[in-house]
Amino acid sequence: MSSVILKGVCKKYDSKVVIDDIDLEIKDKEFMVLVGASGCGKSTILRMIAGLEEISGGDIYIGDKKVNDIPPKDRDIAFVFQSYALYPHMTVRENIAFGLKMRKIDKATIEKKVQEAAEILDLTEYLDRKPKQLSGGQRQRVALGRAIVRNPKVFLMDEPLSNLDAKLRVQMRAEIKKLHEKLQTTFIYVTHDQTEALTMGDRIVVLDKGKIQQVAPPEEIYNNPANTFVAGFVGSPQMNFITADIVDGCAEFDGHRVKINGFPAEGKVILGIRPEKMVCEGDVKFSAKVDMYELLGSEKIVYFNIGTSKCSAKLPPDYEIGEKIELSMKEEDIYLFNFDNGKRIK
């Protein structure tokens, strides 16, 4: 079993709380992605699981063993860092084998494991090259190879693709997913890139300010966000949020009304709608003026205001700045959030 369980885990630096009493269970052989903005605590969680960071409270289990006081080298994990951390004077073969040599594994076993890792990662022809002779993607694969040969219970990856260009990131995402399927072990992957999270994870943990906001499969995170933070963080461009007043069971904004069932008779609510759901045929029609746009080839992301709310829509590339557009929303596509705490209203 290579499950990872965090129970009431917290981390403080002096009086500053960076991880706030979190509970999380990562299943055996699962690909779990931790995602959030910079400073939300995702890398700190990874480092606490690895034993590189002491916990201030709570318990961490790898398999059925509590590892709070077990040093990193004895936790049976492999850590892949953002920087490749390769030894420049060593060949690819020597870099991959280094950890095994430190453990005094016999030469025949080391060679066998290095060859197996090289085949999995398509590095066989590069084994005698130095890191400076490799591309960024190849170097990252070497770093993965160094982890694979250890045959760990858990792989921990801290933004391993952030140093690569956009095209190579897409390629490496697919390679890491294939690697997970081949190795059939637990992967915990940290990223600030919500596209990486959606395309790679079996489940996603969305973090904000050291707290877990939601844990769910990618489709659930996208289609049923728990609050405005999750809804705004996952999806590109982010969900549109419109503040509305509740009047006689309807949400009113900028002269428009949306029927709401089972909501208090007065107060405020936040309406949310994805940019791709801003359509030309729907229940709630409105006009807007194009403030700016981003061209994406076959479509444009068009930016405009609804009252005081800044919004966007994915539309055909026919619109120009200053042009008036006619849009609408279907009531079934509109999310409702509590105005005071941002929580989703089902």
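This is a predicted model: local features need pLDDT of at least 70, side-chain atom pairs count only at pLDDT 80 or more; totals for chains, interfaces and linings use all residues.
Residues are numbered from 1 along each chain as its sequence is written, and side-chain values use heavy atoms, with hydrogens and water left out.

Ser312 sits in strand S18 (residues 309-315). Strands (E, at least two residues) and helices (H or I, at least four) are DSSP runs numbered from the N terminus. Setting aside neighbours within four places in sequence, Ser312 is in contact (heavy atoms within 4.5 Å) with Pro237, Gln238, Asn240, Pro275, Met278, Ile301, Val302, Tyr303 and Phe304.

Strand S18 belongs to an open sheet of 3 strands, ordered S16-S17-S18 with antiparallel pairing; two strands pair if DSSP finds at least two bridges between them. The edges are strand S16 (292-295) and S18, each pairing on one side only. On average, neighbouring strands of this sheet are turned by 25° against each other, direction ignored. Strand S17 (residues 300-306) joins S18 over 7 antiparallel bridges, and Val302 has Ala313 in S18 as its bridge partner.

Another open sheet has 6 strands in the order S13-S12-S11-S14-S20-S21, again with antiparallel pairing. Its edge strands, S13 (256-259) and S21 (344-345), each pair on one side only. Within this sheet, S11 (residues 240-247) and S14 (residues 266-273) pair over 8 antiparallel bridges, and Asp245 stands opposite Lys268 in S14.

For a parallel pair, look at strand S6 (residues 77-80) and strand S7 (residues 154-158), which are linked by 4 bridges. Here Ala78 stands opposite Phe155 in S7. Both faces of S6 are covered: Ile77 and Phe79 are buried on one side, Ala78 and Val80 on the other.

Now for the nonpolar core. In soluble globular proteins, nonpolar side chains tend to be buried together. The largest such core here has 45 residues, and those with the most contacts inside it are Ile96, Leu144, Met157, Ile176 and Tyr189. A nonpolar core is a set of buried Ala, Val, Leu, Ile, Met, Phe, Trp, Tyr and Cys residues joined through side-chain atoms within 4.5 Å. Leu144 touches Val80, Leu121, Met157, Met172, Ile176 and Leu179, not counting residues up to four places away in sequence.

Finally, turn to the helices. The axes of H2 (residues 92-102) and H4 come within 7 Å and cross at roughly 35°; axes are lines fitted to C-alpha atoms, for helices over the stretch in contact, and angles run from 0 to 180 degrees between N-to-C directions. Where do H2 and H4 meet? Val92, Asn95 and Ile96 in H2 meet Val142, Gly145 and Arg146 in H4. In H2, Val92, Asn95, Ile96, Ala97 and Leu100 are buried, and the buried residues of H2 pack against helix H3 (107-120) as well as H4. Just after H2, Lys104 takes a positive phi of about 60°.

Note on methods. Buried means under 20% relative accessible area, exposed over 50%, partly exposed in between (1.4 Å probe, protein chains only).
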